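Please examine the sequence and the structure shown here before reading on. The paragraphs after them lead through the model one site at a time.

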Amino acid sequence: MIWCPRCDQGWVTRARVPGEPGTFLLCYECDTVWVDREPHAGPPFLTLEEYLARFRLDGLWSNIELLEKEPGA
Ligand SMILES: [Zn+2]
């Protein structure tokens, strides 16, 4: 797993929106999402809430499926 380059506080996990193709990367701590690119410390930034709005979903972790477990969690 990758340590978040943006907040430097948490791990980045791979996740997906159930029923949608493709996966994305998400920080456990700052909720930053990266789609189609590796985690990066610079903008443009996308939040989980903004990303899920594309699917007309609220920005809740219960709306996504985590594909990797947080180390030590
Ligand atoms: Zn982060």
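This is a predicted model: local features need pLDDT of at least 70, side-chain atom pairs count only at pLDDT 80 or more; totals for chains, interfaces and linings use all residues.

Residues are numbered from 1 along each chain as its sequence is written, and side-chain values use heavy atoms, with hydrogens and water left out.

The zinc ion is held by the SG atoms of Cys 4, Cys 7, Cys 27 and Cys 30, at 2.2 to 2.3 Å. Donors are here N, O and S atoms within 2.8 Å of the metal (3.2 Å for Na, K and Ca); water is not among the atoms, so sites may look incomplete. The angles among the four donor atoms run from 105 to 115°, and the site is tetrahedral, a term that requires all angles of four donors to lie between 85 and 135 degrees. Along the sequence, the donor residues follow the spacing C-x2-C-x19-C-x2-C. Helices (H or I, at least four residues) and strands (E, at least two) are DSSP runs, numbered from the N terminus.

Buried means under 20% relative accessible area, exposed means over 50%, and partly exposed lies in between (1.4 Å probe, protein chains only). The count of disulfides is zero, a disulfide being a pair of cysteine sulfur atoms within 2.5 Å.

The aromatic rings come next. The whole structure holds four aromatic pairs. Rings of Phe, Tyr and Trp (its six-membered ring) pair if their centres lie within 6.5 Å; planes under 30 degrees apart count as stacked, over 60 as edge-to-face and the rest as tilted. Phe 24 and Tyr 51 make a tilted pair, with 4.6 Å from centre to centre and 55° between the planes. Because Phe 24 lies in strand 3 and Tyr 51 in helix 1 (residues 48–53), this pair ties together parts that are 27 residues apart in sequence. Phe 24 is buried, at 1% relative accessible area, and Tyr 51 is buried as well, at 7%. Tyr 51 also pairs edge-to-face with Phe 55, at 5.2 Å centre to centre and 75° between the planes. Phe 55 is partly exposed, at 26%.

Arg 6 lies over the face of Phe 45, 3.5 Å from the ring centre; the rule asks for NZ of Lys or CZ of Arg within 6 Å of the ring centre and within 35 degrees of the ring normal. There is one salt bridge by the rule used, namely a side-chain nitrogen of Lys or Arg within 4 Å of a carboxyl oxygen of Asp or Glu. Arg 16 and Glu 65 form this contact, at 3.0 Å from N to O. Since Arg 16 lies in strand 2 and Glu 65 in strand 6 (residues 65–66), the pair ties together parts 49 residues apart in sequence. Arg 16 is partly exposed, at 28%, and so is Glu 65, at 31%.

Finally, His 40 is found in the loop between strand 4 (32–34) and strand 5 (46–47). His 40 is partly exposed, at 42% relative accessibility.

How values were computed: Four donors count as tetrahedral if all angles lie between 85 and 135 degrees; four count as square planar and six as octahedral if opposite donors are over 155 degrees apart and all others between 65 and 115; anything else is irregular.
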